[in-house]
Amino acid sequence: MSGELTVVRATTASRLGAVAGVAALTALATVPFWASAGDMRLLVEALTLLALAQMWNLLAGYAGLVSIGQQAFVGIGAYGLYYFGDKVGVHPFLAAGLAGLAAAALAIPTAGLAFRLRGGYFAIGTWVIAEVYHLLAVNTSYLGGGSGVTVGSAAALERGTREDGTYWLALAAGAGAVILVYAVLRSRLGLALTAIRDNEEAAESLGVDLVRAKLVVYVLAGLGCGLAGAVIYLNLLRIQPDAAFTVNWTAYMIFIVVIGGIGTIEGPIVGTAVFFVLRELLSGYGTWYLVALGGVAVVVMLAAPGGLWSLVQRRFDLRLFPVQRRLRLPPAPEREANP
Amino acid sequence: MEWVNAVVQGILLGGLYALFATGLSLVFGVMRLVNLAHGDLSILAAFLLVAIVDATGLDPWIGLALVVPALFVIGYVLQYGLLNRTLAGGELAPLLVTFGLSIILQNVLLEVFTADSRGLDAGSIETSSIRISDQISIGWFPLVTFIVSIVLLSVLQLALSRTRTGRALRATADDPRTAQLQGIDNRRIYALAMGIALATVALAGVFLGMRTTFGPAIGPARLIFAFEAVIIGGLGSLWGTLVGGIVLGVAQTVGAQISPGWGVLTGHLVFLAVLATRPTGLFSRQVRQ
């Protein structure tokens, strides 16, 4: 019987989606050759936010780790860029990559403390640790103290080079985050995460190493958020500790993921689009766009917990990034012959 | 001697943190809900009182008698109308909804009251103090705050152990389904718990506003201090929150004594040290999942 079942991992939509994805990626890669500097800055922002949101989606949507402290890694990425670029003296583009690795390294001791807490208290615990990193930056005069620093090495680059390089790094972060989450979910770790999400105790009894799976995800998310943070500050150039470590980074991630659809790869892409539309619509009204985003997120959470993408999925069964394994039964007559 | 003074001031500051922590602990104990808007609601209470005082010229101490019941009603309605719906699923929904509320509250307060620092005038009690020695003097206001926190904890403890409603609260906390079988309406119990929690939060916010200036953005820090007090003291222990608050307060004032920028950071580090060595807190009676 089992031999006649086939495991289906791709759909027509996903094959078409892959083609469209490659086409979109190619088009996005050529942006520096034709777009204005202003449009490029906006795209850098969108791609880095997508990377951040995708990382939070991996944490909360798949590993059950509701972190409110991901701003820690954005800030570490920012200061890592400054440290490796200005203090060590490597090229700023390379420094951005090293900053991501530094964030991943710091994610390990952070997890050591935060993983002692569960659920809601894990959420606030990660927030406290982010505050510790924030206050350490504020109190370290080597890193500019409370007034912050300018990333001199990046500012010294020729303007066109910096803008193009920053854009391509942002594209690598955004597209890389999507591909990373997709690859993780299709791997053995992805199966373990799905099992954990459905039932922790049952997963553990089947031999899934809970702590290890969660730690790997947490470190990957640290890497992604650190790299995105470094790229954001390649774009902004001026690092202020209060802004680099603000909880608003995590608020953006959460709102984007919740509105778009938590636990789907398409969701954060949809959510990022909604984020920018709302922000541009309300651009003349101060921080009301954050109030609107929060309001939409709360309503979505209560009315359609799967987010906007789940509404699409329910209606059209559309899966652009299929991570599930579907069993296809053999045709009916065969089954009757072989009960 | 200045170190002794730092410790004394820290103990008194702990009373304020206990005021912040009590509601967080109560709500978590009764319905396993972590309210991420806890700190922002206390700042809402303080701004509400500012608005009342500005509009009517009322004495803040009398205005307090309006704000505390107002926050009780807000809490009751918030829980009954909104948060109860989030409790059915996993832990994700309540966290995200309260986090959304936190961001909404912060930004609405920012737009309505601007980013300017505001304060509440408590009268002459703010500046008068009892002199113990040349270096040590105890301010009347911090002392009153401390006493209020002890009275509040005592009243809550008594109400929880002696009254019919208190028994219903404890029964629901222990086992909501069995409590329901005994005819207890969980939704109302949860709403009541949130109402009580926000009434204590109103007290905390107003005392904070009388003690120091405040702005719309400081809510999250209040949530974090409350949370640290709860974890240091030990989950599920009402008096533990007072001990946790005192430990946190002393860590902050002693840290600030070492270097002015290190107060809050020292508090966080002490919290992390407790988390690393005694994850269930100093006074937890039981380990709860």
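## Basis

The model is predicted: local features need pLDDT of at least 70, side-chain atom pairs count only at pLDDT 80 or more, and totals for chains, interfaces and linings use all residues. Residues are numbered from 1 along each chain as its sequence is written, while chains are lettered from A and ligands numbered from 1 in the order in which they are written.

## Helix pair in chain A

Helices α3(A) (residues 37–62) and α11(A) (residues 210–236) pack with axes 9 Å apart, at an angle of about 165 degrees. Helices here are DSSP runs of H or I with at least four residues, numbered from the N terminus. Axes are lines fitted to C-alpha atoms over the stretch in contact, and angles run from 0 to 180 degrees between N-to-C directions. The two helices are therefore roughly antiparallel, a term for angles over 145 degrees.

Residues of α3(A) in the contact include R41(A), V44(A), T48(A) and L52(A); those of α11(A) include V217(A), G224(A), V231(A) and N235(A). Contact requires C-beta atoms, placed from the backbone, within 7 Å. By class, the contact has 14 nonpolar, 3 polar and 1 charged residues. Nonpolar covers Ala, Val, Leu, Ile, Met, Phe, Trp, Tyr, Cys and Pro; charged covers Asp, Glu, Lys and Arg; the others, Gly among them, are polar.

## Nonpolar core

The largest nonpolar core has 198 residues, and L52(A), L81(A), V231(A), A193(B) and V206(B) have the most contacts inside it. Such a core is a set of buried Ala, Val, Leu, Ile, Met, Phe, Trp, Tyr and Cys residues joined through C-beta atoms within 7 Å. Helix α8(B) (residues 186–211) supplies the largest share, 18 residues.

Leaving aside residues up to four places away in sequence, V231(A) touches V44(A), T48(A), A96(A), T166(A), L169(A), A170(A) and A173(A).

## A226(B)

A226(B) belongs to helix α9(B), residues 219–233. With 30 other C-beta atoms within 10 Å, A226(B) is buried (20 or more such atoms; 12 or fewer is exposed, in between partly exposed). Residues up to four places away in sequence not counted, A226(B) touches Y17(B), F20(B), A21(B), L24(B), H38(B) and G39(B). Its C-alpha atom is separated by 15 Å from that of V274(B), 48 residues apart along the chain.

## Interface of chains A and B

In the interface, 33 residues of chain A contact 33 residues of chain B. On the chain A side, α6 (119–138), α13 (248–260) and α15 (288–303) each give two or more residues. Helix α6(A) gives the most, with 11 residues. This side has 24 nonpolar, 7 polar and 2 charged residues.

Conventions:
Parallel < 35°, antiparallel > 145°, perpendicular 65-115°, else oblique. Contact = placed C-beta atoms within 7 Å.
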